[in-house]
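Subject: Structure for your attention

Dear colleague,

Please find the structure below, together with its sequence. My notes on what was found in it follow.

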Amino acid sequence: MAQLDWEGGRCAEMALVCLTDFEEYAKEHLSKATWDYYAAGADECCTRDDNLLAYKRIRLRPRILRDVSVSDTRTTVQGTEISFPVGIAPTAFHCLAWHEGEVATARATEAVNTCYITSTYSTCSVEEIVAAAPNGFRWFQLYVYRDRKLSEQIVARVEALGYKALVLTVDVPYTGKRRNDIRNQFKLPPHLKVKNLDGMFQVTEFTDSEEYGIPANTLDPSISWKDIYWLQSLTRLPIIIKGILTKEDAELAVEHGVQGIIVSNHGGRQLDGGPATIDVLSEIVETVQGRIEVYLDGGIRTGSDVLKALALGAKCVFIGRPAVWGLAYKGEEGVREVLQILNDEFRLSMALSGCRNVAEINRNLIQFAKL
């Protein structure tokens with residue numbers, strides 16, 4: 001919770017100054033089931049936790065006397081300029097954290113001028129999100145369902161609405177085992193729905209149990225590389241693959257003509273025992289050799305984390321849980337505060353490392369700590 005301090009004889013709420021302050025606030029104010037859902041990792045949560053710890057093993061090599069009186073954090077992703085290289089990763093069910101949900105997230109990212117990847121599992125519809133932030137820069141995160149017509153309909157909807165890319169999530173042929181969700185028998189409350197899929201599934205008395213707001217066993221585990229070509233046949237939008245962790249799959253992504261990769265382990269929510277994303281970024285960047293853009297999510301908590309990821313070759317990073325903590329604090333304003341803190345910290349880390357702009361960030365900034 002935000003700490004309290006006495007100021008001029010009255011009790012004033014102290015400002016939240018870093019992302020972990022927002023985390024503590026969210027943990028105290030959200031229901032246990034909601035907090036556990038957002039915080040969940042798969043199985044023993046080793047990968048979830050290592051996403052954070054891996055950054056602490058990386059050291060920076062600052063350069064000095066570089067005239068950092070003027071700094072510029074702007075960059076581009078897929079040819080569109082954003083204010084700094086941090087966007088919002090696709091996370092589900094924002095209405096659990098704040099009544100306006102994804103509408104508030106969309107307004108915040110529009111105000112800050114960065115990229116918001118809208119989740120298939122939004123509790124606001126893609127139409128509502130676009131209406132709330134008509135000038136926002138948005139990508140759409142896509143799952144492939146056994147009923148391919150559902151995925152086709154969604155692709156057509158988001159392309160017509162002006163979404164700028166499709167982010168195909170490829171690490172969920174089956175949902176990971178998240179123990180607390182099972183213990184809590186997690187379900188969306190009755191007043192919330194997966195709005196983008198509302199009414200699209202045939203629900204009968206024989207339908208399997210619900211899983212995260214839709215009937216269970218609806219994701220298609222047969223999805224394979226050939227489905228990239230199927231997706232390309234449906235749309236003119238760039239296709240970004242989210243969930244790559246090896247140089248072999250990075251090479252296959254390039255060969256299949258996608259426009260980008262998000263190095264991601266789904267926040268540690270899928271395969272436990274996989275690597276931290278920052279630890280595999282270098283090998284993927286070296287394999288890709290600049291042929292397509294490489295992004296990263298997982299474990300970003302400070303501006304220096306952003307700097308480390310860019311030094312190792314990421315074009316942009318995306319935050320998941322911290323955006324939800326911002327929502328839980330103050331909705332749109334809270335998300336803006338989280339993004340602003342990261343932007344300020346990133347700018348400061350750049351300057352203290354001797355970088356005036358994003359183009360000056362490179363591998364020479366990094367050394368790995370000796371164990």
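Beyond its neighbours within four places in sequence, H266 is in contact (heavy atoms within 4.5 Å) with Y143, T169, D171, V172, R178 and K242. This is a predicted model, in which local features need pLDDT of at least 70 and side-chain atom pairs count only at pLDDT 80 or more, while totals for chains, interfaces and linings use all residues. Residues are numbered from 1 along each chain as its sequence is written, and side-chain values use heavy atoms, with hydrogens and water left out.

I began with H266 on account of its annotation: an unreviewed UniProt entry places the feature "active site" there. UniProt positions are given in the numbering used here, feature names are shortened, and annotations may be inferred rather than shown by experiment. The residue H266 sits in the loop between strand 13 (260-263) and helix 10 (277-288). Helices (H or I, at least four residues) and strands (E, at least two) are DSSP runs, numbered from the N terminus. With a relative accessible area of 13%, H266 is buried; buried means under 20% relative accessible area, exposed over 50%, and partly exposed in between (1.4 Å probe, protein chains only).

Helix 10 also packs against helix 3 (residues 46-56), at an angle of about 70° and with the axes 7 Å apart. The axes are lines fitted to C-alpha atoms, for helices over the stretch in contact, and angles run from 0 to 180 degrees between N-to-C directions. Helix 3 and helix 10 are therefore roughly perpendicular to each other, where angles under 35 degrees count as roughly parallel, over 145 as roughly antiparallel, 65 to 115 as roughly perpendicular and the rest as oblique. On the helix 3 side, D50, N51, A54 and Y55 meet T277, I278 and D279 of helix 10. The residues of this contact comprise three nonpolar, two polar and two charged. In that division, Ala, Val, Leu, Ile, Met, Phe, Trp, Tyr, Cys and Pro count as nonpolar, Asp, Glu, Lys and Arg as charged, and the others, Gly among them, as polar.

Two further buried positions deserve mention. L168, in strand 9 (residues 166-169), is buried at a relative accessible area of 2%. Its contacts, leaving aside neighbours within four places in sequence, are L142, V144, I223, I228, L231, I240, I241 and K242. L168 and I241 are 73 residues apart in sequence, yet their C-alpha atoms are 5.0 Å apart in space. A108 belongs to helix 4 (residues 102-112) and is buried, with a relative accessible area of 0%. Apart from neighbours within four places in sequence, A108 is in contact with E332, V335 and R336. Between the C-alpha atoms of A108 and L327, which are 219 residues apart along the chain, the separation is 9.9 Å.

As to backbone geometry, C45 has a positive phi, near 65°, in a residue other than glycine. C45 is in the loop between helix 2 (32-39) and helix 3, and counts as buried at 13% relative accessibility. F93, also not a glycine, has a positive phi near 60°; F93 lies in the loop between strand 6 (86-88) and helix 4 and is buried at 0% relative accessibility.

Finally, on confidence: pLDDT is the predictor's confidence in each residue, from 0 to 100. The protein chain has a mean pLDDT of 94, and 94% of its residues reach 70 or more. Over residues 1-12 the pLDDT is below 50, and this stretch has 21 contacts in the model beyond near neighbours in sequence.

With kind regards
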